[in-house]
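Here are a few quick notes from a look through this one. Have the model open while you read.

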Amino acid sequence: MTSNRTLLQWIAEAQELCQPDRIVWIDGSREQQRQLEEEGFSTGELSRLDQSKWPGCIYHRTAVNDVARTEDLTYICTSKKEDAGPTNNWMAPADAYRRASEYFRGSMKGRTMYVIPFSMGPPGSPFSKIGIELTDSIYVVLNMLIMTHSGKEILEELGDSDDFTRGLHGKADRDPSRRLILHFPEDNTIWSVGSGYGGNVLLGKKCLALRLASWFAHKEGWLAEHMLIMGIEDPRGRIDYIAAAFPSACGKTNLAMLIPPEHFRSQGYRVWTVGDDIAWIRLGEDGRLWALNPETGFFGVAPGTNSRSNPNALATIRRNTIFTNVLLTEDGDVWWEDGEGEPPASGIAWDGRPWRPGLTDASGKPIPGANPNSRFTAPVVQCPTISPEWDNPRGVPLSAIIFGGRRSRLAPLVYETFSWQHGVYTGATMASEITAAQYGDQGAVRRDPMAMLPFCGYNMADYFAHWLDFGKKIAKPPGIFHVNWFKKDEAGRFIWPGFGENIRALNWIIQRTRGEAGAKRTPIGFVPSTGELDLTGLDLSEKAVAELFAVDPQDWQEELDDHKRFFEQFGERLPQGLRDEHQAFRERFARS
Ligand code: GTP
Ligand code: SPV
Ligand code: MN
């Protein structure tokens, strides 16, 4: 399919290492996709769902020890350790290639190696990056076909160029002690071995579009971010676009697909979905920031998705969708916790064991049927609110950038930062409770700057400096805001109703960028003054409202001390702008 010698040479090397029985080039055709599905059904790698209920949908279960990203096995492999920085695992490139080669060697005997040409971003856009993923997994191929522009057009687009990301993935024996997710930014190369789980193996997504892309963005003067992109249309028909960074499983997909409640819909508000996970952001000639979603699919969290929380997602996944690690019933139906309808009387859980409602473990805790990080993979074009601009090669212009996390305490519902630099400080000190999207101490609060802690492909101190420098070049910088949908009351219940009601905070944000809404100055930023954020029709007590917007000086002092501790790991490399902001923050509290 190509005469690109660099590409053919690299494939030959991978072939020699992995020793597949055959090589199949992915052309992007419907026929080939169908053939691969059939093959997956015949080997049991995939199951066909009830086609009358779930047309074009398939089911896959990953190994029980392989259901989330493994951050402890994910490495940035640069010649100099400092270039990976204190927040990344680092391995010297030669060691990394040597160790992973052992796991790859001969691992594809009896298997097929698929060659997937793909582009992150529409082919031809100045944003776009081409990659080739070699994999021995049909599941990976079928996901990549949904998640990326892929197939033979991409090879044509590449031509004889050597400017492509070399991605090698092998399931090997899926043994976690022989699993590595390795990034070689200096070689534009990714090696992933021993896993079959999404973020570890769909190499276009976190590995290329965030870790490698952030490295290139630093060199080339743009930003690669873990952000959703959405448009908010007001009653006058004006659309403002925003990008928002929340850590994994903290609400990006849900916000991007928001349907406004009746009170807003009847006034003429509507939301347009552009992307739910990744934003590539460039400075436009007009002095504004322009953001592009480099993906063509959603790889979304299933549990919690229902017709009340996210009707758009439910409509999107009705056909041509891959379900991973949800509950499967004998008659080819799927179900997940907090999903649609009653749980089935029985089924096979995500771990392959028989399941029925009411099942509990030894300590009496309910055993879920779907893994908390079970996912759907669906084409973005199936989303009823997909923006006509979603694949515009120029991207969409940003009016605001939003940071946010899952904080049961502390952070108010919404606030506006004072400046770009203060906004960068606010992003850099973001924190969130750990979720099922990654292995780790569930619920523990960790700092996750710009939601990029697991995804920044270089020294995070340099990443902060890059954000600060970038801001100086923007003639019309977007406002930077912080949100928290997850504050809880003493009984441990969410105070804010969230989901569709989040439009209320977004509306205040957009009004602020236009100078149309009032706010109260506090040491942390501008918080909506009473009556400025529309709460019409919500059942919230006065106490709840006060709690949502509270800024408690004692709590924030402790938070500031923790910012300082977090920054210490970066030593001298931490940019002066953040030190200045920290000092200014302390002084604002001292004066208040
Ligand atoms: P990744 O795909 O891992 O990057 O996650 P994401 O940021 O796209 O998160 P997603 O929208 O899938 O939401 C994750 C979980 O948070 C789901 O269980 C949602 O039901 C829940 N969630 C999302 N938005 C809200 C909200 O506004 N309030 C509350 N309480 N929960 C929410
Ligand atoms: C995330 O964990 O942020 C995801 C899912 O979006 S994964 O692709 O597995 O990284
Ligand atoms: Mn994500």
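This is a predicted model: local features need pLDDT of at least 70, side-chain atom pairs count only at pLDDT 80 or more; totals for chains, interfaces and linings use all residues.

1. Helix α1 covers residues 5-18, and its length checks out. At 1.5 Å a residue, its 14 residues should span 20 Å, and the end C-alpha atoms do lie 20 Å apart.

2. Which residues of α1 are buried? They are Leu7, Trp10, Ile11, Ala14, Leu17 and Cys18. On the face of α1 turned away from the buried side you'll find Arg5 and Glu16, both exposed.

3. Now the ends of α1. At its start, a side-chain oxygen of Asn4 comes to within 3.1 Å of the backbone nitrogen of Thr6. After α1 comes Gln19, with a positive phi near 50°.

4. On to the manganese ion (ligand 3). Its protein donors are Lys206 (NZ), His226 (NE2) and Asp277 (OD), at 2.1 to 2.5 Å. Along the chain, the donors follow the spacing K-x19-H-x50-D. His226 sits in the loop between β12 and β13, while Asp277 is in the loop between β15 and β16, so to speak linking distant parts of the chain, 51 residues apart. Both His226 and Asp277 are buried.

5. What is the geometry of the manganese site? With six donor atoms and angles of 65 to 173° among them, the site is irregular.

Key. Residues are numbered from 1 along each chain as its sequence is written. Chains are lettered from A and ligands numbered from 1 in the order in which they are written. Side-chain values use heavy atoms; hydrogens and water are left out. Helices (H or I, at least four residues) and strands (E, at least two) are DSSP runs, numbered from the N terminus. The expected span of a helix is 1.5 Å times one less than its number of residues. Buried means under 20% relative accessible area, exposed over 50%, partly exposed in between (1.4 Å probe, protein chains only). A polar contact is a pair of N or O atoms within 3.5 Å; within protein, one must be able to donate a hydrogen and the other to accept it, and residues adjacent in sequence count only if both atoms are side-chain atoms. Donors are N, O and S atoms within 2.8 Å of the metal (3.2 Å for Na, K and Ca); water is not among the atoms, so sites may look incomplete. Four donors count as tetrahedral if all angles lie between 85 and 135 degrees; four count as square planar and six as octahedral if opposite donors are over 155 degrees apart and all others between 65 and 115; anything else is irregular.
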